[in-house]
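Trainee: Could you take me through one part of this protein closely, namely how its helices pack and how its charged side chains pair? I would like the cut-offs along the way, please.

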Amino acid sequence: MVKKETRTVPARSSSVAAVKHAIGVLRCISEVGEPIGVNEIARRVGLHKSSISRLVATLAEERFVERDPLTERIKLGTGLVALAAPVLLELEIKSVVRPALEALANAALETASYSVWDGADAVCVEQAVGPRTVRTFSEPGRRDPGHCTAAGKMLLAHQSAKSIDAYCAAGLKRFNDKTITDPEVLRCELDLARERGYAVNWGELDGDVGALSAAVWDRRGHVAGTVTLTVPIYRFGTDRHDELIALILGAAREISQNLGHRVGGGTLA
């Protein structure tokens, strides 16, 4: 007698089903576009209220959703923003930032870069090299201090007063005789950067390099990053400043608008 071979079909993993249900909950909240109650989510997703409550509790722990303490209604949380931020930043750099940097570098004949604040320094995330024979570089991944670089000052200037106090309290490292090491002088410099919409580095980190940096604003009216022109100090005379300032402000405005910023927020108003 020949014994038939039988195949065992694995049962559908409950963990996979839970993931799909959680995704369904997130999609439901996103599609509605406003805070929604658990009962309504259950009806739309097709699950029991108790199941939705457990999913919502788990998602809330990771801040993927938030529950209004008064109405008990659910909305998408900031955890999703943090999760998606690297991908969104990469897309924004490729589609929005990079073209503007290339145009800026060609117009100014100098190196243009884009930096973001990581909580301690300005970090360069993209660069377009100018066509000049003698070039200055701010390669992606480079970290620039907040007190002695144009990008660093511009980004630090838009942090909270508490964050600026903490930065100053940690000590302002001297790199050369032009470096700002007095916290009160730095605060005045940051006030000036906020007021005029751009920051200047007069060789304060590297004596051979100067720079100008302007703030880029996002759709929420927050500073998303900075556009910077880095220039050899012998080409950084005040006779070029009006030209270079106009170019970086124009590039920053273009990127900001393409990120969804509208007139009425920040220094671009």
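Mentor: Happy to. The protein has eight helices and eight strands; helices (H or I, at least four residues) and strands (E, at least two) are DSSP runs, numbered from the N terminus. This is a predicted model, in which local features need pLDDT of at least 70, side-chain atom pairs count only at pLDDT 80 or more, and totals for chains, interfaces and linings use all residues. Residues are numbered from 1 along each chain as its sequence is written, and side-chain values use heavy atoms, with hydrogens and water left out.

Let us start with helix 7, residues 183-196. Two packed helices are described by the angle between their axes and the distance between the axes. Here the axes are lines fitted to C-alpha atoms, for helices over the stretch in contact, and angles run from 0 to 180 degrees between N-to-C directions.

Helix 5 (residues 150-157) packs on helix 7 at an angle of about 85°, and the axes are 9 Å apart. The two are therefore roughly perpendicular to each other (angles under 35 degrees count as roughly parallel, over 145 as roughly antiparallel, 65 to 115 as roughly perpendicular and the rest as oblique). On the helix 5 side, Lys153, Met154, Leu156 and Ala157 meet Leu186, Glu189, Leu190, Ala193 and Arg194 of helix 7, where contact means heavy atoms within 4.5 Å. By class, this contact of helix 5 with helix 7 has six nonpolar, no polar and three charged residues; Ala, Val, Leu, Ile, Met, Phe, Trp, Tyr, Cys and Pro count as nonpolar, Asp, Glu, Lys and Arg as charged, and the others, Gly among them, as polar.

Helix 6 (residues 161-169) also meets helix 7: their axes come within 10 Å and cross at roughly 140°. Ile164, Asp165, Tyr167 and Cys168 of helix 6 make the contact with Pro183, Leu186, Arg187, Leu190 and Arg194 of helix 7. By class, the contact of helix 6 with helix 7 has six nonpolar, no polar and three charged residues.

Side chains of opposite charge can pair when their charged atoms come close. Lys153 forms a salt bridge with Glu204, with 2.7 Å between the closest N and O atoms; a salt bridge is a side-chain nitrogen of Lys or Arg within 4 Å of a carboxyl oxygen of Asp or Glu. Lys153 lies in helix 5 and Glu204 in the loop between strand 6 (198-201) and strand 7, so the pair ties together parts that are 51 residues apart in sequence. Lys153 counts as buried at 0% relative accessibility, and Glu204 is buried too, at 5% (buried means under 20% relative accessible area, exposed over 50%, partly exposed in between, with a 1.4 Å probe and protein chains only).

For another setting, take Glu72 and Arg67, a salt bridge whose closest N and O atoms are 3.5 Å apart. Glu72 is partly exposed at 42%, and Arg67 is partly exposed at 35%. In a further pair, Glu243 forms a salt bridge with Arg240 at 3.7 Å; Glu243 is partly exposed at 38%, whereas Arg240 is buried at 11%. Both belong to a network of salt bridges that links Glu110, Arg235, Arg240 and Glu243. A search of the whole structure finds 17 salt bridges.
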